[in-house]
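Subject: Model handover, with notes on salt bridges

Hello,

I am passing on the structure we spoke about, and my notes on its charged side-chain pairs follow directly below it.

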Amino acid sequence: MEFNLKSNFDTEKKVLDVHLAGEIDIYNSADVKEELSKLVAEHNVNLNLHCEELDYLDSTALGALVSVLKKVKHYDGNIYIKNAKASVCKIFKITNLDKAFILEGECYE
Amino acid sequence: MSDDSKKEDVVELTLPVNAAYVSAARLTASSISNRIGLKIESAEDVKGAVSEACIYVIKFCQSYGENLFKISFVPKDEGLEIVIKTNKNPRTPEDYEGDEFIIRMIEALIDVFEIKIENQAIEIYMLKKF
C-alpha cells in the first residue's frame, strides 16, 4: 500500500490540515516525521491530521508523531487526530497515546 | 475450503533485514488470518503484532550483523501461531533487551507471547486465538 500525505494551510483561519493515506511504518516513518516537522516549523500552529484514509501505523510511526507533537507543544499547539479508523484508534489506545494527542471522530464519540 | 485446511500447514517467509519488506510480512499475516477465519479485528491485531515483531528483530539483526530472518505462520485448532526467528549468531547476547514499547504493544495485541534466546538466536512466539 502506497503512502500519501497532502497538506493545506488556511492562512485566514490559521489551520494546518494534513491528510494521511495508506500505511505509515518503519519504511517511511522517518520521511513522515521530516515532512510534518517542516510543515510545523513553517506555520507554528495546531496540526490537524485527517486519518480517514490512513490504514495502518506502527510503533515507529507513533514515535515520529510524538516527536512532531513535542515540536507543536513548543508553540503551545496540539495535534488533532481526526476520524481515524478503529484499528488505528486501537494503536493509540493500547499505547496510552490517546492521552497525548487529541483524538476526534467516530471511534472517540 | 476443504478438510485439508485441518492439517498443519506451515507458511514460511524468509525476509532480508530491510524495512522495505515489513509490509510483505504484514500482508501475509493479514491474508492467512482472514483465510483461517479470524475475525477482522483479530486479523488487524495479528497484522500489528507481526509488524512490531519484525521491527524488534530488524533492530536486533542490525545490531548483531544478521542479514535474514524467518517467519512461520501455522494455523492451529485454537488460532494462528506465528514464530519469528533469527539465524544462529555467536554474537547474540544472553540477555538482549529490545524495545520495551514494542513488547507492550505486542502483549496488547496477541493472546500468547514469548521472546526467548535459544541456540544463540532470537525466537518470538505468538498465538492469536479464535
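Asp99(B) is partly exposed at a relative accessible area of 30%, where buried stands for under 20%, exposed for over 50% and partly exposed for the range in between (1.4 Å probe, protein chains only). This is a predicted model, in which local features need pLDDT of at least 70 and side-chain atom pairs count only at pLDDT 80 or more, whereas totals for chains, interfaces and linings use all residues. Residues are numbered from 1 along each chain as its sequence is written, chains are lettered from A and ligands numbered from 1 in the order in which they are written, and side-chain values use heavy atoms, with hydrogens and water left out.

Asp99(B) forms a salt bridge with Lys59(B), their closest N and O atoms lying 3.4 Å apart; the term requires a side-chain nitrogen of Lys or Arg within 4 Å of a carboxyl oxygen of Asp or Glu. Because Asp99(B) lies in the loop between strand S3 (79–86) and helix H3 (100–109) of chain B, and Lys59(B) in helix H2 (residues 40–64) of chain B, the pair ties together parts that are 40 residues apart in sequence. Helices (H or I, at least four residues) and strands (E, at least two) are DSSP runs, numbered from the N terminus. Lys59(B) is partly exposed too, at 34%.

In chain A, Asp98(A) and Lys99(A) meet in a salt bridge at 3.8 Å, N to O; Asp98(A) is buried at 18%, whereas Lys99(A) is exposed at 66%.

Over all chains, the count comes to 15 salt bridges.

Best wishes
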